[in-house]
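I opened the model to look up a few points and write them down. The entries follow in the order in which I went through them.

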There are 4 protein chains.
Amino acid sequence: MPAPKHIFDPPFNIIRCSHVTLGVTDLARSRAFYEGALGLHVEEETQDALYLRGLEERQHHSIVLKKSAMSEAHHLGFKVGSEEDLDKAAAFCKAKRLVHAFVERPFQGRTLTFIDPYGTPIELYFTMEKREILLQQYGLYKGVQPQRLDHFNIFAPDVQGSLDFYAGVGFRLTEYAEEDGPKGRIAAGWMHRKGNVHDLAFTNGRGPRLHHTAYWAPTPMNIIHLCDVMATTGYLPNIERGPGRHGISNAFFLYVRCPDGHRIEIYSSDYQTMDPDHEPIRWSLRDPRRQTLWGQPAPKSWFEEGSSFAGIEQRDALFKANVIVAN
Amino acid sequence: MPAPKHIFDPPFNIIRCSHVTLGVTDLARSRAFYEGALGLHVEEETQDALYLRGLEERQHHSIVLKKSAMSEAHHLGFKVGSEEDLDKAAAFCKAKRLVHAFVERPFQGRTLTFIDPYGTPIELYFTMEKREILLQQYGLYKGVQPQRLDHFNIFAPDVQGSLDFYAGVGFRLTEYAEEDGPKGRIAAGWMHRKGNVHDLAFTNGRGPRLHHTAYWAPTPMNIIHLCDVMATTGYLPNIERGPGRHGISNAFFLYVRCPDGHRIEIYSSDYQTMDPDHEPIRWSLRDPRRQTLWGQPAPKSWFEEGSSFAGIEQRDALFKANVIVAN
Amino acid sequence: MPAPKHIFDPPFNIIRCSHVTLGVTDLARSRAFYEGALGLHVEEETQDALYLRGLEERQHHSIVLKKSAMSEAHHLGFKVGSEEDLDKAAAFCKAKRLVHAFVERPFQGRTLTFIDPYGTPIELYFTMEKREILLQQYGLYKGVQPQRLDHFNIFAPDVQGSLDFYAGVGFRLTEYAEEDGPKGRIAAGWMHRKGNVHDLAFTNGRGPRLHHTAYWAPTPMNIIHLCDVMATTGYLPNIERGPGRHGISNAFFLYVRCPDGHRIEIYSSDYQTMDPDHEPIRWSLRDPRRQTLWGQPAPKSWFEEGSSFAGIEQRDALFKANVIVAN
Amino acid sequence: MPAPKHIFDPPFNIIRCSHVTLGVTDLARSRAFYEGALGLHVEEETQDALYLRGLEERQHHSIVLKKSAMSEAHHLGFKVGSEEDLDKAAAFCKAKRLVHAFVERPFQGRTLTFIDPYGTPIELYFTMEKREILLQQYGLYKGVQPQRLDHFNIFAPDVQGSLDFYAGVGFRLTEYAEEDGPKGRIAAGWMHRKGNVHDLAFTNGRGPRLHHTAYWAPTPMNIIHLCDVMATTGYLPNIERGPGRHGISNAFFLYVRCPDGHRIEIYSSDYQTMDPDHEPIRWSLRDPRRQTLWGQPAPKSWFEEGSSFAGIEQRDALFKANVIVAN
């Protein structure tokens with residue numbers, strides 16, 4: 001795979017991934033998990049939704065839990081650099097014939113939604129209501145002490161296509177997993193806007209489906225404590241994988257499932273990537289250290305299960321990778 | 001100083017230090033500090049007392065906060081090996097003409113109190129009511145996650161005398177600080193029964209006064225978190241010294257003062273000492289690493305202030321050490 | 001199982017487990033592992049043996065790697081309280097008709113070896129040459145920063161018999177795993193002399209074989225770092241199990257295999273047990289949290305493989321436990 | 001102080017701070033400190049210079065130690081977004097009548113140096129030779145495990161002037177310390193390009209002088225280990241301040257001095273700042289938590305001493321702040 005050209009003016013300026021809305025079936029049960037176990041801060045509770053954020057996040061929320069008849073994911077939210085970028089994005093969508101619309105969102109300014117060419121629902125905005133940073137309100141720290149939303153990972157039926165589309169709007173590749181040989185196909189890719197390993201990653205599989213949403217925690221010790229807390233407060237079955245070290249991104253990770261099955265990664269220890277001449281790291285699909293440096297296998301559920309996006313049709317993956325990958 | 005003889009049958013068998021009673025002037029204010037900031041578990045609250053314990057402690061309490069007109073310390077509690085040891089201890093006190101008495105204590109079996117030759121009030125018992133261990137109830141962890149009471153440190157007017165007395169009842173010296181030269185006097189000593197650096201230490205100074213009570217925490221990270229919590233929840237003035245590393249005992253330490261001024265050490269990282277031929281470590285009073293391996297000076301208050309024992313007269317130290325020591 | 005009587009005078013006084021000799025086939029390869037990866041301090045290398053110790057250990061060695069034709073374990077070493085205890089132990093062995101002999105060991109004083117009733121070779125001594133403590137020579141810290149040998153774990157064909165024998169010489173039970181029901185048999189037990197969870201544990205299985213030797217490390221962070229080091233310096237296949245949290249003992253653990261297959265546990269986070277009325281914790285064999293609080297299964301090798309003791313015949317276990325246990 | 005306008009096209013695109021050259025008088029002595037104690041990786045040693053980098057840095061070096069007759073600092077290096085940016089920067093310097101020149105630097109592509117309006121020597125470049133990332137070569141980890149250069153801090157005689165100049169080339173303010181009252185002057189400011197708290201900070205004082213160069217370390221535990229290592233390997237006098245927590249930036253910090261007196265900060269725990277509407281945090285000069293959340297005073301040397309820039313004249317500060325500030 002040729003290294004993508006990094007230096008160009010994207011059609012509009014995405015700053016970073018910023019929030020997601022997840023449909024859940026029982027708000028009280030979800031609050032117990034996301035606030036009580038994970039330690040996210042409940043910024044606001046309405047009759048049909050919970051708004052939560054991490055300790056350093058100054059915007060109103062990074063995750064919205066919305067009362068739903070079934071478990072499902074909604075639009076993935078990205079912050080753009082200005083109001084003007086929203087108009088540029090709308091023009092881009094029109095030119096590309098992507099379904100798009102300006103919509104109303106509580107606590108948020110002007111918001112553009114669109115469906116990417118592979119079915120992923122995206123939401124762009126520039127302003128969200130602000131709240132006081134909690135980073136130095138240490139008395140509020142609990143659970144895994146989640147600091148901020150870090151990235152989304154998507155099951156994608158056409159990983160190469162998705163990578164190409166997002167490279168076209170300014171995302172830059174940092175790591176990828178590829179079949180060996182002259183015709184090796186890419187089975188997974190990690191892309192960023194904000195200067196660390198990723199804002200958005202794609203994994204070969206039936207989709208689009210949301211594989212996971214990741215929160216960044218400061219140290220592996222916080223993640224070990226979360227394991228201990230979950231294992232002894234009734235959430236043992238919700239620990240799906242880890243803790244461990246990914247070869248990819250060097251992340252110290254833990255994957256947990258919320259009561260509705262949405263997968264949350266707790267993520268630590270990656271690195272900076274803002275140099276324009278930063279070169280992506282290639283991993284062979286055959287290299288087992290890619291997924292777990294220490295060699296522990298992931299459970300089947302982790303390779304197969306993900307959250308459906310509300311109202312979005314899914315397609316099978318273009319090819320069957322020998323090993324399905326994600327992190 | 002000649003190495004003390006280690007191997008002999010003491011007149012009665014003390015297992016370990018186990019609890020202390022501190023007089024406090026406002027129970028609600030004390031509860032906010034000991035439970036809310038430090039993270040001790042409140043086992044019981046009565047009209048005039050709070051009983052707290054650490055996460056691995058199975059006995060009813062390791063600290064009792066008792067409503068008092070003034071801030072003061074009461075008897076230092078030690079667990080003995082059997083009921084018979086209490087009778088042996090009473091006989092020992094009688095032979096030595098020490099003030100002693102069997103007394104009633106809530107939650108505790110037969111209890112013998114005595115005043116040591118230098119005025120320190122001691123309390124011995126064999127049984128205390130038991131409670132379930134909380135070590136694997138990780139959902140209850142908070143503050144510095146204190147696991148157990150570790151030791152007491154006493155301002156002693158005659159350190160050599162105190163060391164000799166406690167060596168006579170089976171305590172073994174692990175470290176000591178001494179003036180240089182052929183007539184060098186001992187300015188501080190650390191003694192144990194339970195197999196780590198200390199259960200009881202003596203520091204040259206007007207006394208007897210309780211310099212501090214120490215709780216053991218699992219890692220330095222817990223102590224750093226406590227600093228952050230205290231600094232941002234109104235307890236900044238209660239941080240007295242640290243965090244830092246003692247040369248003596250290798251402890252990673254923090255000293256805090258409760259709202260009534262009692263000093264609590266949070267203590268981590270010491271070592272085992274149960275070998276009968278374990279030799280004590282000598283520190284020169286001139287070696288600055290003794291107190292703080294990293295070189296930060298302790299504040300004046302730490303050298304001068306301590307809790308008076310209720311009803312006990314104090315004497316000035318026999319000599320003025322160039323540098324007063326404790327840890 | 002009735003709680004064992006704790007308070008009695010044992011026939012001789014064992015202080016703690018202290019060292020082991022392991023036969024290895026290639027000293028240079030073993031040194032690379034034990035010193036280079038684990039971080040043990042090489043105290044001495046002779047033509048046919050390596051002597052290593054942990055950072056706080058003042059005795060000459062806690063592990064001896066001895067050049068052998070094959071991988072095998074030798075006597076398990078325990079320190080006793082005095083020279084007199086060796087004579088008492090010899091008398092005990094004679095009375096019990098156990099094979100025993102006084103032998104010469106380099107760096108060690110008078111040494112008594114014996115074979116316990118189930119075939120385990122034990123070695124008792126009072127004095128070993130001393131070396132300077134390395135705990136504050138932080139420039140020497142490496143690998144997992146092992147501080148001290150903590151315990152041995154044995155595959156035992158008759159766990160109840162082994163527990164009874166060692167209770168008879170003063171070991172005290174802290175935790176055990178048992179079949180449910182009125183005739184439930186004990187499948188594993190943990191016993192101590194030094195005041196933490198164990199010096200010696202027995203696990204149902206063909207034996208006697210050495211399941212593992214454990215070193216204590218100060219924090220889970222050190223263990224995570226060891227995983228990272230091993231995974232990236234050619235020792236990935238030597239990581240067998242973990243990191244994880246045992247329900248039993250609350251240990252944060254990692255099991256690794258040396259180049260000759262001997263299993264080493266790195267162990268952290270247990271608790272104190274010196275109270276004479278400390279009651280053992282019972283675990284049902286059906287409780288999965290016993291082995292791993294977080295729910296990760298152990299590999300088959302961990303249940304089946306162990307080091308043979310040189311020259312000792314093995315027997316099958318008396319019964320087949322539903323789940324074989326150890327930690 | 002009015003919030004600066006964030007969204008504008010700077011005259012040229014600086015990506016991040018990237019390297020510094022420090023004049024040292026004894027290369028071997030410096031290598032022992034920077035490699036042996038701090039744990040930086042020596043990428044290359046020539047007859048008169050040492051080139052070092054952190055564990056995640058892929059460029060040839062982030063610090064150059066150059067044999068000099070005296071201790072002094074040289075140009076502060078920043079990476080720009082493209083070769084074209086260098087030409088834009090040269091045009092900018094010409095328009096602003098700043099002393100500037102294209103120069104040759106080993107291992108580096110085209111390099112533009114200039115002197116800012118207050119005397120600070122700056123160096124811009126786009127390409128540097130690359131080396132393999134060491135982040136997953138865990139066997140090489142040592143010292144404080146420094147991952148990357150994070151920022152520079154400058155004693156500035158006119159802080160407001162410096163902030164204005166760097167705001168004009170695209171730096172964005174994240175935190176600042178100000179006198180109270182309607183005419184309150186700014187005594188310190190922190191500015192970034194790369195998306196965390198700072199690349200470059202200015203502190204009121206005689207200058208320009210380099211107050212410190214900071215490396216980022218992953219956790220406070222690494223910093224505590226460095227204290228222990230330095231205190232016991234002859235570098236105790238080189239520990240100047242900390243460890244502690246800054247209110248500003250939330251950094252867990254340690255300040256050390258190299259054998260030539262250059263100040264290095266080890267820095268951890270800050271937060272992300274890439275949002276265009278990210279608002280700077282104001283600290284009153286009277287708020288003691290600004291400097292140290294936990295209340296420990298900094299030594300006098302820390303307020304007064306800094307590295308002179310080779311060949312640059314210094315000026316006194318425009319005003320005397322009540323409390324000099326930096327971090």
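Entry 1, the core. I take a nonpolar core to be a set of buried Ala, Val, Leu, Ile, Met, Phe, Trp, Tyr and Cys residues joined through C-beta atoms within 7 Å. The model is a predicted one. I looked up its largest nonpolar core and found 364 residues in it. The residues with the most contacts inside that core are A:Ile266, C:Ile266 and D:Ile266. I then listed the contacts of A:Ile266, leaving aside neighbours within four places in sequence. They are A:Val144, A:Tyr215, A:Ala217, A:Ile223, A:Leu226, A:Phe253 and A:Leu254.

Entry 2, a strand in chain D. I went to strand β1 of chain D, residues 14-24, and checked its burial. Eleven of its eleven residues are buried, and I noted the strand as mostly covered. Next I looked for its partners. β1(D) pairs with strand β5 of chain D, residues 72-80, in the antiparallel sense, over seven bridges. In that pairing D:Arg16 stands opposite D:Lys79. β1(D) is also joined to strand β4 of chain D, residues 63-67, by five bridges, and these two strands run parallel. There I noted D:Ile63 in β4(D) as the bridge partner of D:Val20.

I picked D:Met221, which lies in helix α4 of chain D, residues 220-231. Why does D:Met221 count as buried? It has 24 C-beta neighbours inside 10 Å, and the cut-off for buried is 20 or more. Not counting residues up to four places away in sequence, D:Met221 touches B:Pro220, B:Met221 and C:Met221.

I looked up how helix α4 of chain A packs on helix α4 of chain C, residues 220-231 in each. The angle is about 110° and the axes are 10 Å apart. The contact is made by A:Pro220, A:Met221 and A:Ile224 of α4(A) with C:Pro220, C:Met221 and C:Ile224 of α4(C). By class I noted six nonpolar residues, no polar and no charged ones.

Notes: Residues numbered from 1 in each chain as written. Chains lettered and ligands numbered in written order. Predicted model: local features only at pLDDT ≥ 70, side-chain atom pairs only at ≥ 80, totals over all residues. Buried ≥ 20, exposed ≤ 12 C-beta atoms within 10 Å, placed from the backbone. Helix = DSSP H or I, 4+ residues; strand = E, 2+ residues; numbered from the N terminus. Pairing = 2+ DSSP bridges. Contact = placed C-beta atoms within 7 Å. Axes fitted to C-alpha atoms, helices over the stretch in contact; angles between N-to-C directions. Nonpolar A, V, L, I, M, F, W, Y, C, P; charged D, E, K, R; others polar.
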